[in-house]
Amino acid sequence: MENNPAGWLVLHTEGVEPKTYPLKEGKNRIGRKTSSNIPEVAVENDIYVSRNHAVIVVKKTPQLDYEYIIVDNAEVLGKPSLNGTFINGNSERIGDKPEKLKDGDTIQIGITKFVLQGAKAAVDVEDAVRLTSKLDYAQTVEVFNSGAVLRKRL
């Protein structure tokens, strides 16, 4: 496996400083950090995030690009997360089937939002942050345990 990241998730929540998380080939768990659970993308200060909320699987394609696939917790525990995973402000939570992501997609878990910046789009972590800073914020989907309601941008 290469030492270079296969891309980055850039924290892109209104009013929160950007933070970056490198993605590696294989499974990248997103969830709440606890003393016994340390996911690759550890979300802080969001009570709506499960310990094992979602997984992004990164695979190298035959063209030597990367493919990014997200699963809402189903791969970890066999059931979806309590509050869902949403893409690009769409109020319909992703189902239990894997969904492909593309560069610039916004992923929302709980009320925390990340933007995917793939290794082809961003040459390094600074570039990933710069590209993300140029994007508008995706609408925030308000979560209430099993339902979802669209909330206007702050």
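pLDDT is the predictor's confidence in each residue, from 0 to 100. The model is predicted: local features need pLDDT of at least 70, side-chain atom pairs count only at pLDDT 80 or more, and totals for chains, interfaces and linings use all residues. Residues are numbered from 1 along each chain as its sequence is written, and side-chain values use heavy atoms, with hydrogens and water left out.

Figure 1. The mean pLDDT of the protein is 87, and 87% of the residues reach at least 70. Strands here are DSSP runs of E, at least two residues; helices are runs of H or I, at least four; both are numbered from the N terminus.

**Figure 2. The stretch of residues 148-154, where pLDDT is below 50.** Beyond near neighbours in sequence, this stretch has 24 contacts in the model. A contact means heavy atoms within 4.5 Å. Where pLDDT is low, the predicted coordinates should not be read in detail.

Figure 3. The ring centres lie 5.7 Å apart and the planes meet at 80°, so the pair is edge-to-face. Rings of Phe, Tyr and Trp (its six-membered ring) pair if their centres lie within 6.5 Å; planes under 30 degrees apart are stacked, over 60 edge-to-face, the rest tilted. The pair links distant parts of the chain. Tyrosine 21 sits in strand β2 (residues 20-23), phenylalanine 114 in strand β10 (residues 112-118), 93 residues apart. Tyrosine 21 is buried at 9% relative accessibility; phenylalanine 114 is buried at 1%. Buried means under 20% relative accessible area, exposed over 50%, partly exposed in between (1.4 Å probe, protein chains only).

**Figure 4. Tyrosine 66 and tyrosine 68, a tilted aromatic pair.** The centres are 6.5 Å apart, with 45° between the planes. Tyrosine 66 is buried, at 17% relative accessibility. Tyrosine 68 is buried too, at 5%.

**Figure 5. Asparagine 45 and its positive phi.** The phi angle is about 60°, although asparagine 45 is not a glycine. Most residues other than glycine have a negative phi. Asparagine 45 lies in the loop between β4 (41-43) and β5 (54-60). At 79% relative accessibility, asparagine 45 is exposed.

**Figure 6. Asparagine 88, with a positive phi of about 55°.** Asparagine 88 is not a glycine either. The loop between β7 (85-87) and β8 (99-101) holds asparagine 88. Its relative accessibility is 40%, so asparagine 88 counts as partly exposed.
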